[in-house]
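Dear colleague,

Please find below the structure that I am handing over to you. My findings follow it, and I would be grateful if you could read them with the coordinates open.

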Amino acid sequence: MKTNQKILLQFGICIFLFILIGILINNLTINLLRTGLGFNFSWLFKPASFALAEHPLPYTSSDSYAWALFIGWLNSLKVIVSSLILATFLGTLIGFARTGKNSLLGLISAGYITVIRQTPLLLQLMFWYFVGFLGLKDNMFIQIKNIFNLSNQGIEFSGLTFSSEFLALLIGLSIFTSAYIAEVIRGGILSVPRGQWEAFRSLGLSESKGLIRIIIPQALPAIIPGLTSQYLNLAKNSTLAIAVGYSDIYAINDTITNQTGRAIECFIILLFSFLLLNLLITNTMEIINRLILKSQKYS
Amino acid sequence: MFNININSIIICFKHLRKTLFSNLFNTVITFLIILFIGVACFYTFEWLIFKANWKAVISNLPLYAFGSFPPKEQWRPAIWIISLLLLSIFTLCGPDWKWLRKNLPIAWVGSIPLGLYLLYGGLGLSPIMSRHWGGLTLTILLTVCSSLLSLPLGIVLALCRQSSLPLIKKLSSIYIDVMRAIPLIAVLFFGQLLIPLFLPVGIEIDRVWRAIFAFTLFVSAYIAEDIRGGLQSIPYTQTEAANSLGLNQYQIIQLILIPQALRIALPALTNQFIGLFQNTSLMAILGLVELLGVGRSILANPEFIGQYIEVYVWLASVYWMVCTIMAVLARHLEQRMTINQANF
């Protein structure tokens, strides 16, 4: 295409988009006028007047909507970080089992991965919550010397309490993500050339030492990008918390939208809270990636 | 013949010994796994056959399949699902006649208007509102319609992101990146709320179509990225060759780039569509009574209260089965495509 043709085409698309957006905004203002809601954020500082079962910082129902949203964001962060760690641990174990020498172990992990990946996460979360925790009868709780206490209210572990909603979400998310992480780990290990395995074996290194010293460092650059995208998926999937009644950022957003009817403002807030979460995860992973590359260069 | 068999058995045993019992640690693990599998199988079968109370599943089978569709008219979605099933079986193990293979894609695309006609009614069938749709029928309808709509949108977005026009490139990458940053449930929830707000007064879209549009907007961003990967892996010499043959830009895109990109992206696209099928379950918490929604409403019925495990196991196996069918169909398509390529 010639340059002036290109400019003309872009100009045309620009005008088309402007007209489209204009029509949409026109419709929106008409509809908002009809419902009597304007577009502003001053409601954020009114009292929220709903209670939250779980709050890492002090919160009462007379606190503002903004504070409630922040608490929700912290709750999200809490469940994301903890299930991220658990899922990485589980996924690594299963990924190694899948690539290991023992074919029976490989078969079992392959079965685990298929079953987890072929059923919806929402169903799994409901299973863990309604069967795993609420299924525990009041009289059927496990108690070990007042240190560890498992009941349908959750787990109490030496003074720390975890609600059953949080735990169901943690377990469900970790198990679901671990199946995907296992595949990432497997891909990373398979990307290391076979010659490397043969080389460390012929050098007389033991299997476990060779794995840790030779294979994993070379697999990591292939693993990290896959892990990052799985962590981002985990963060997005954590919004299914609403199904088990855990008050994360989305659940609180949902409550506020239903209470105030301000769908557009709430959507924008949710968008930005997720952009923030994503930035946090990608930047942390970028730092980790750089550290790994650096340590490999000078080792 | 017999000798070869014995040899292969010996090789098999040697392989087993090498992989399962190579050293003490491995042997211990193998025996532990066998023990674990044995115990797990025993308890699972004992539960499946003796302990589980399948009443919540068996007495509600039509509900799982069709939701609250009027019982007299349930043959309509039934015909649709059976025709889809027959079509899958035909595609997978049907005869290899050329005219049949040529017309199968048309039959697949044609199954969607057929389904919509059978569900909506009209033209001789009694009309049925979309709020009566439900169960597996609705799940499949959501999946099929959203994937069919999101594929062209995704292709357009991917082409725009690869375009040499900076404005178009920027706009489509902003759309794709923002869509990929927000969780699906937010898109669905706000889709239900916001789509009516952006429409002129008087025009209304029902919940099912709002959900389909929200799914389309969301999935097309992911599909666009998969197809972009396919486009990027096509060597530039292909475009040069097409140029030297005198094809114009639209012909190059239509005949050279898109078919190859689709073939390369097919495994990734399969994963997207399977993911989409699973994610239609999110509509259960947003007010549509699809497969999981039916499960939830049955569990809320005092008659079946507390039978969570049975219902969830049943639902999981249905989802698992449909996902497997989709994966097998996709693998079949992949094989056919590589065979076609080999013929050229």
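Domain bounds, as used here, come from an automatic or database domain assignment. On that basis, chain B is divided into domain 1, covering residues 1–51, and domain 2, covering residues 52–343. The centres of domain 1 and domain 2 of chain B, taken over C-alpha atoms, are separated by 39 Å.

Please note that this is a predicted model. Its scores are ipTM 0.86 and pTM 0.88. For chain B the average pLDDT is 86, and 97% of the residues score at least 70. Among the elements of that chain, the highest mean pLDDT, 92, belongs to α10(B), and the lowest, 73, to α1(B).

On the contact between the chains, chain A contributes 42 residues and chain B contributes 39 residues. On the side of chain B that touches chain A, the elements giving two or more residues are α1 (2–20), α2 (24–51), α8 (166–181), α9 (184–198) and α14 (308–343). Of these, α14(B) gives the most, with 9 residues. By class, this side of chain B has 32 nonpolar and 7 polar residues, and no charged residues.

Most of α10(B) is covered, with 20 of its 26 residues buried.

A further point concerns G295(B), which lies in helix α13 (residues 291–300) of chain B. Is this residue, G295(B), buried or exposed? G295(B) counts as buried because it has 28 C-beta neighbours inside 10 Å, and the cut-off for a buried residue is 20 or more. Leaving aside its neighbours within four places in sequence, G295(B) is in contact with V311(B) and L315(B). Between G295(B) and Y308(B) there are 13 residues of separation in sequence, and the C-alpha to C-alpha distance is 9.0 Å.

With kind regards

Methods
Residues are numbered from 1 along each chain as its sequence is written. Chains are lettered from A and ligands numbered from 1 in the order in which they are written. This is a predicted model: local features need pLDDT of at least 70, side-chain atom pairs count only at pLDDT 80 or more; totals for chains, interfaces and linings use all residues. A residue is buried if 20 or more other C-beta atoms lie within 10 Å of its own, exposed if 12 or fewer, and partly exposed in between; C-beta atoms are placed from the backbone. Helices (H or I, at least four residues) and strands (E, at least two) are DSSP runs, numbered from the N terminus. Two residues are in contact if their C-beta atoms, placed from the backbone, lie within 7 Å. Ala, Val, Leu, Ile, Met, Phe, Trp, Tyr, Cys and Pro count as nonpolar, Asp, Glu, Lys and Arg as charged, and the others, Gly among them, as polar. pLDDT is the predictor's confidence in each residue, from 0 to 100.
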